[in-house]
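Below is a short report on one structure.

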Amino acid sequence: MGHVSGNNTGFRLCPGWFDRQAQESLVTLLRKSVAAAPFYTPTMPRTGKPFSVQMTNFGPLGWVSDQRGGYRYQATHPETGAPWPPIPSPVLEVWRRLAEYPSPPEACLVNYYRPTAKMGLHQDADEEDRAAPVVSISLGDTALFRLGGTERRDPTRSFRLSSGDVVVLGGAARMAFHGIDRIYPGTSTVLGDWFPEGGRLNLTLRRVTVGR
Ligand code: MD3
Ligand code: FE
């Protein structure tokens with residue numbers, strides 16, 4: 001478990017948090033939950049340009065984006081209208097062990113990256129509770145992750161995130177710019193039964209409202 005100080009205070013990478021067997025059982029569990037809340041393609045506020053990443057959520061609140069409503073959290077799936085499924089227990093367990101935060105997460109955003117997908121440099125600023133960390137779980141193909149500072153112009157560092165890795169973003173890193181520059185195709189087989197083309201799943205656990 002590495003710690004990066006200075007510009008990236010509060011960034012903690014836990015490589016191999018889930019071993020292969022734990023990754024496989026987690027993928028099986030996620031596949032069942034995603035059957036109840038299918039992946040959809042969000043669109044950008046105003047322009048309506050589709051994201052290259054597909055998304056769904058678990059938990060009482062989910063992060064969504066579309067042309068008319070912009071970025072927001074809501075309790076229901078934008079296409080099915082159903083409440084999001086619960087956050088799976090092994091995922092909540094990661095929060096309990098690593099978040100060092102008393103309230104449970106309210107949102108688990110699930111991102112699926114096809115091998116050509118990426119996510120531009122951005123801040124996660126739609127949560128009211130900025131004291132809570134964001135906890136991220138990576139499954140499937142390795143990704144090149146970029147982490148900057150709290151200003152867009154700040155210098156950035158790049159890290160590879162591999163299947164089974166967990167990242168905790170707290171403190172100053174909570175409001176750092178970050179993104180996914182690329183996926184390395186064919187670097188994991190763990191999603192193979194679900195996604196024949198491979199790709200990557202990322203789960204981010206977030207506290208949205210200030211806790212009660
Ligand atoms: C740094 N997801 O969903 S996870 C996102 O791999 C998002 O899918 C990326 O950025 C992914 O918003 C990166 C690691 C991560 C998550 C949240 C952060 C890094 C972060 C919040 C603040 C700073
Ligand atoms: Fe983000």
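E100 sits in the loop between α2 (89-98) and β6 (107-113). This is a predicted model. The phi of E100 is near 50°, a positive value, and the residue is not glycine. Most residues other than glycine have a negative phi. Is E100 buried or exposed? Its relative accessibility is 72%, so E100 counts as exposed; the cut-off for exposed is over 50%.

R46 also has a positive phi without being glycine; the value is near 70°. The loop that holds R46 runs between α1 (20-36) and β3 (54-58). R46 is exposed, with a relative accessible area of 72%.

The two residues are set out here.

Four strands make up an open sheet, ordered β7-β12-β9-β10. Their pairing is antiparallel. Which strands stand at the edges? They are β7 (119-122) and β10 (157-161). Each has a single partner strand, so one side of each is left without a neighbour in the sheet. On average, neighbouring strands of this sheet are turned by 25° against each other, direction ignored.

Strands of a sheet pair through backbone hydrogen bonds. In this model, β9 (residues 143-147) and β10 run antiparallel and are joined by five bridges. One pairing can be named: A143 has L161 in β10 as its bridge partner.

Conventions
Residues numbered from 1 in each chain as written. Chains lettered and ligands numbered in written order. Predicted model: local features only at pLDDT ≥ 70, side-chain atom pairs only at ≥ 80, totals over all residues. Heavy atoms only, no water. Pairing = 2+ DSSP bridges. Helix = DSSP H or I, 4+ residues; strand = E, 2+ residues; numbered from the N terminus. Axes fitted to C-alpha atoms, helices over the stretch in contact; angles between N-to-C directions. Buried < 20%, exposed > 50% of the residue type's maximum accessible area, 1.4 Å probe, protein only.
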